Amino acid sequence: MTSSWDGTRYTSPEIFAQESSRIFERCWMCVARAETVQAPGSFHRAEIGTESVLLVRDRYGTLRGLLNLCRHRGARLCTDRRGTLGKTIRCMYHGWSYGLDGNFVSAPYAHDLPKDPAENRNLFPVRTTEWLGYIWLNLSSSSPPLTEQMEPQLDRRFGRADLLTQYTMDKLTTALTKTYEVRANWKLILENFCECYHCPTLHPELSAVLPSFRTGYGTISGPVRQGARFAGHMAGFSMSGRAAAPALPALRTENERTFHSVNLWPNAVLILLPDHVVCLRLEPVAADRTQVTADWLFHPDATAAPDFDPCDAVKLLDLTNQQDFQASERCQLGARSKHFTPVYPPREHVIAYFHHWVDQALAAQDES
């Protein structure tokens with residue numbers, strides 16, 4: 001398969017701006033683990049396209065999505081990535097204050113303000129929902145629900161089997177988080193996660209744990225519902241081959257020695273393992289830069305054990321991630337060439353689905 005995409009799809013600031021407005025600002029985006037915004041007043045700042053969003057728990061424990069934009073003069077309300085606000089959100093410029101629900105509370109000389117409707121002073125709301133223990137947000141008021149975006153992707157990977165419920169992701173806790181600054185376009189990174197043709201060359205350590213990856217077919221590019229079995233001498237997904245924790249409580253027997261994964265476009269990848277789950281979240285920054293955050297999630301009973309140590313498991317995927325991101329950066333360099341014309345063997349057929357998904361999103365009409 002030869003793609004119709006040329007290098008400008010990965011290097012052009014203009015195309016990246018279109019993706020920001022038509023994909024990132026219209027799709028449901030995975031932005032934070034729900035446990036990071038748990039207590040009233042706690043917040044997380046998410047950057048989506050051209051917008052900055054505050055995810056806040058109000059005093060009743062309700063999750064709120066609010067544009068990080070003072071209604072007075074447009075100052076950025078919070079510049080910290082996460083933290084605690086107290087009882088109000090206060091702009092440091094002129095002291096306008098808002099409740100944790102985003103409603104205007106007070107301002108200096110408020111009696112002099114124009115007699116506008118109250119909603120004209122409230123912070124702009126953003127749609128949010130919680131799924132798999134993560135917060136997802138959507139800047140568009142007219143986009144369909146999260147389920148309509150995700151179900152076709154889950155069906156393509158797992159059929160009608162509800163595999164995700166076995167991993168009880170909403171009940172897991174974060175044992176470790178790593179952030180990677182990748183000098184590559186977000187699509188190159190996701191294309192890498194669409195195939196395993198590179199696995200025998202790029203990932204000898206990973207292929208030693210998952211021997212079927214040496215065929216160039218991984219879980220994403222293989223048959224529906226099929227996972228990758230651990231090598232016979234491996235008890236877990238780690239550098240040593242030892243399991244980091246007991247199997248997750250709801251896991252079925254057939255998955256106790258199996259690696260599954262699924263891409264949830266446009267910005268999440270799930271790696272499903274017998275004793276833990278890893279979620280990778282992409283935050284596109286520019287045409288040639290992407291921040292990737294990886295969370296290693298374990299059952300709370302495992303993390304509470306006195307001898308719990310996730311480092312062996314983390315080391316294997318961390319090495320794999322670094323190998324993937326270095327390869328993506330090399331492709332980014334190559335995309336500058338006027339001769340950049342990729343050819344995709346059959347083992348990379350999922351990339352065609354991804355390209356079609358992106359093209360459809362970009363072809364959508366602007367919202368009125």
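Leaving aside residues up to four places away in sequence, H276 touches F237, L248, I271, W296, L297, F298 and A313. Before I go on, note that this is a predicted model.

Where in the fold does H276 sit? It belongs to the loop between β14, residues 268-272, and β15, residues 277-286. Is H276 buried or exposed? Its relative accessible area is 0%, and the cut-off for buried is under 20%, so H276 counts as buried. The side chain of H276 also makes a polar contact of 2.8 Å with the side chain of D275.

Next, L206. This residue is part of helix α6, which covers residues 204-209. L206 is buried too, with a relative accessible area of 6%. Which residues does L206 touch, not counting those up to four places away in sequence? They are F213, F237, L316 and T320. F237 is also among the residues that H276 touches. One more point on L206: its C-alpha atom is separated by 8.0 Å from that of L317, and those two residues are 111 residues apart along the chain.

Now a whole helix. Helix α2 runs over residues 13-24, and its buried residues are I15, F16, E19, S20, I23 and F24. How are they arranged around the helix? Looking down the axis of α2, the buried residues fall within an arc of 150°, so they line one face of the helix. What do they pack against? The partners are α1 (8-11), β1 (29-33), β2 (42-48), α4 (186-193), β15 and α9 (350-363).

Last, a sheet. As background, strands of a sheet pair through backbone hydrogen bonds, either parallel or antiparallel. Here we have an open sheet of three strands, in the order β6-β7-β8, and the pairing is antiparallel. From one strand to the next, the twist averages 35°.

To look at one pairing in detail, take β6 and β7, the latter being residues 97-99. These two are joined in the antiparallel sense over three bridges. If you want a pair to find on the screen, I89 has Y98 in β7 as its bridge partner.

That is what I have for today.

Methods:
Residues are numbered from 1 along each chain as its sequence is written. This is a predicted model: local features need pLDDT of at least 70, side-chain atom pairs count only at pLDDT 80 or more; totals for chains, interfaces and linings use all residues. Side-chain values use heavy atoms; hydrogens and water are left out. Two strands pair if DSSP finds at least two bridges between them. Helices (H or I, at least four residues) and strands (E, at least two) are DSSP runs, numbered from the N terminus. Axes are lines fitted to C-alpha atoms, for helices over the stretch in contact, and angles run from 0 to 180 degrees between N-to-C directions. Buried means under 20% relative accessible area, exposed over 50%, partly exposed in between (1.4 Å probe, protein chains only). Contact means heavy atoms within 4.5 Å. A polar contact is a pair of N or O atoms within 3.5 Å; within protein, one must be able to donate a hydrogen and the other to accept it, and residues adjacent in sequence count only if both atoms are side-chain atoms. The arc is that of the directions from the helix axis to the C-beta atoms.
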